Amino acid sequence: ARGARGTPLRRIGVVAHHAMRLENRIGAKGELKELCQGKGSQRCVWGKQHRKGSTRSGLERAARRQCVPRVAALVDEERSGDGGAEPSTTNWKIRRATFDDIAVVSTICGEGFAADSTEGMKEAAPYLSSWLDFIQDWYAHSISNELGFQLRKALEKQITASKTAKSLRSRYDFIKERSRQDSVNFESSASARMMRRSMASAKLQRMLCCLVAECRESGRIVGTCTVSMNTPDAQLPPPFPSNAVQRFYIGNMVVHPDFRRRGVATDLLKRCELLAKRWECDSTWLHVAIASLGAQELYKRLGYITKSVDPWWMVLERKYLFYKRLELPRSSKFKRFT
């Protein structure tokens, strides 16, 4: 490939050669724009034809070697300037949560859920505000402790499931190759079916992720959500058994009150959709409280549709079930939407 004509390396050398000759006349930046827009293509073709019957001198080769880094630097400069992608305007970044973030995530969720639960009561009975503040603090502390324990347990289970899945896959491939050499049909055996079921179960347990929105300047976590494979449209909630299809479920969506209405939840939802496509899920599902009108407006604006509503006997926390259908490539193996 190094000596082939027309390869990217050869074309870069031609561009660098003519960039050196044109630098004194039109300037480095104007020259780069001209070459990138295709105005110097005739010169490049002429350079290929000219070099067919001539031998380059050592001075010319040295000049080309010195000019290639110059052109590469100009390309980087042009990409970072007007011709490149626009810099990110958000003040936060979305990343996966680690074990060190469990305490902060559980605290944000506890405070957010407790405030949403008692906000309506405070507006209806302001004379009970002091008592409701005490209830809110106690409720936030209880939610934070329980959520921190469950999140740590889920992350540890995910790590164990990942190791189990890799071990089962290695064993399955080894036995399959060994049986192929011995002319034995292993894939249709009962042990192979059992191993495939175990691998599918371990893969399902691995599909869990806690995302956080972290402020770029201070490193403070300002929002979080947790995604997993669940059955939100089942007739009975877990731990009751169900034959419902496993869905990509978004839960514990909380944004700090000081950072709301700034697009944090939108960025978290977009990252969840990218993760759902990576997991080859064709839809995303979530619950939203009936009283959360702002959250419902956000979800509907992003393309979510109401699937169902909780029954009347769930008086304390009735919620809507929203879903959004995603477009998957035709090569996707899984189509779970029904």
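Helices here are DSSP runs of type H or I with at least four residues, numbered from the N terminus. By that count Ser106 sits in helix α5 of what is a predicted model. With a relative accessible area of 5%, Ser106 is buried, because buried means under 20%. Leaving aside residues up to four places away in sequence, Ser106 touches Ser144, Leu147 and Gly148. The C-alpha atoms of Ser106 and Leu147 are 5.7 Å apart, although 41 residues separate the two along the chain.

Zooming out, the protein chain has nine helices and seven strands. Of its 338 residues, 36% are buried. The chain exposes about 22200 Å², and carbon and sulfur atoms supply 53% of that area. As for contacts between residues at least 6 apart in sequence, 64% join residues at least 24 apart.

Tyr127 belongs to the loop between α5 (102-124) and α6 (129-181). Its relative accessibility is 67%, so Tyr127 counts as exposed. Together with Leu128 and Trp131, Tyr127 forms a nonpolar patch on the surface.

Side chains of opposite charge can pair when their charged atoms come close. A search of the whole structure finds nine salt bridges. In one of them, the side chains of Arg169 and Asp173 meet with a nitrogen-to-oxygen distance of 3.4 Å. Arg169 and Asp173 are four residues apart in helix α6, which means that about one helical turn separates them. Arg169 has a relative accessible area of 41% and is therefore partly exposed; Asp173, at 37%, is partly exposed as well.

Further along, Lys176 forms a salt bridge with Glu187, and the closest N and O atoms are 2.8 Å apart. Lys176 lies in helix α6 while Glu187 is in the loop between α6 and α7 (190-206), so this pair ties together parts that are eleven residues apart in sequence. Lys176 counts as partly exposed at 35% relative accessibility, and Glu187 is likewise partly exposed at 35%.

Then there is Arg180, whose salt bridge with Glu177 brings the closest N and O atoms to 2.5 Å. Both residues lie in helix α6, three residues apart, or about one turn of the helix. What sets the accessibility class of the two partners? For Arg180, a relative accessible area of 57% makes it exposed, because exposed means over 50%. Glu177, at 36% relative accessibility, counts as partly exposed. Elsewhere, salt bridges that share partners join Lys93, Arg95, Asp101 and Glu214 into one network.

Now for the aromatic side chains. Counting ring pairs with centres within 6.5 Å, the total comes to six aromatic pairs. One of these is Trp285 with Tyr323: the ring centres are 5.1 Å apart and the planes meet at 25°, so the pair is stacked. Trp285 lies in strand β5 (residues 283-289) and Tyr323 in strand β7 (residues 319-325), so the pair ties together parts that are 38 residues apart in sequence. Trp285 and Tyr323 are both buried.

Tyr299 and Phe322 make an edge-to-face aromatic pair, with 6.2 Å from centre to centre and 80° between the planes. This pair, too, links distant parts of the chain, as Tyr299 is in helix α9 (residues 293-301) and Phe322 in strand β7, 23 residues apart. Tyr299 is buried, and Phe322 is buried too. The two also belong to a cluster, in which ring pairs link Tyr299, Tyr304, Tyr320 and Phe322.

Back at Tyr323, the ring has a charged neighbour as well as its stacked partner Trp285. Lys307 lies over the face of Tyr323, at 5.9 Å from the ring centre.

Terms used: Residues numbered from 1 in each chain as written. Predicted model: local features only at pLDDT ≥ 70, side-chain atom pairs only at ≥ 80, totals over all residues. Heavy atoms only, no water. Patch = residues over 30% accessible without salt bridge, like charges linked within 9 Å, V, L, I, M, F, W, Y side chains within 5 Å. Areas by Shrake-Rupley, 256 points an atom, 1.4 Å probe, with all protein chains shown as cover. Salt bridge = Lys/Arg side-chain N within 4 Å of Asp/Glu carboxyl O. Helix = DSSP H or I, 4+ residues; strand = E, 2+ residues; numbered from the N terminus. Buried < 20%, exposed > 50% of the residue type's maximum accessible area, 1.4 Å probe, protein only. Contact = heavy atoms within 4.5 Å. Phe/Tyr/Trp six-rings, centres within 6.5 Å; stacked < 30°, edge-to-face > 60°. Lys NZ or Arg CZ within 6 Å of the ring centre and 35° of its normal.
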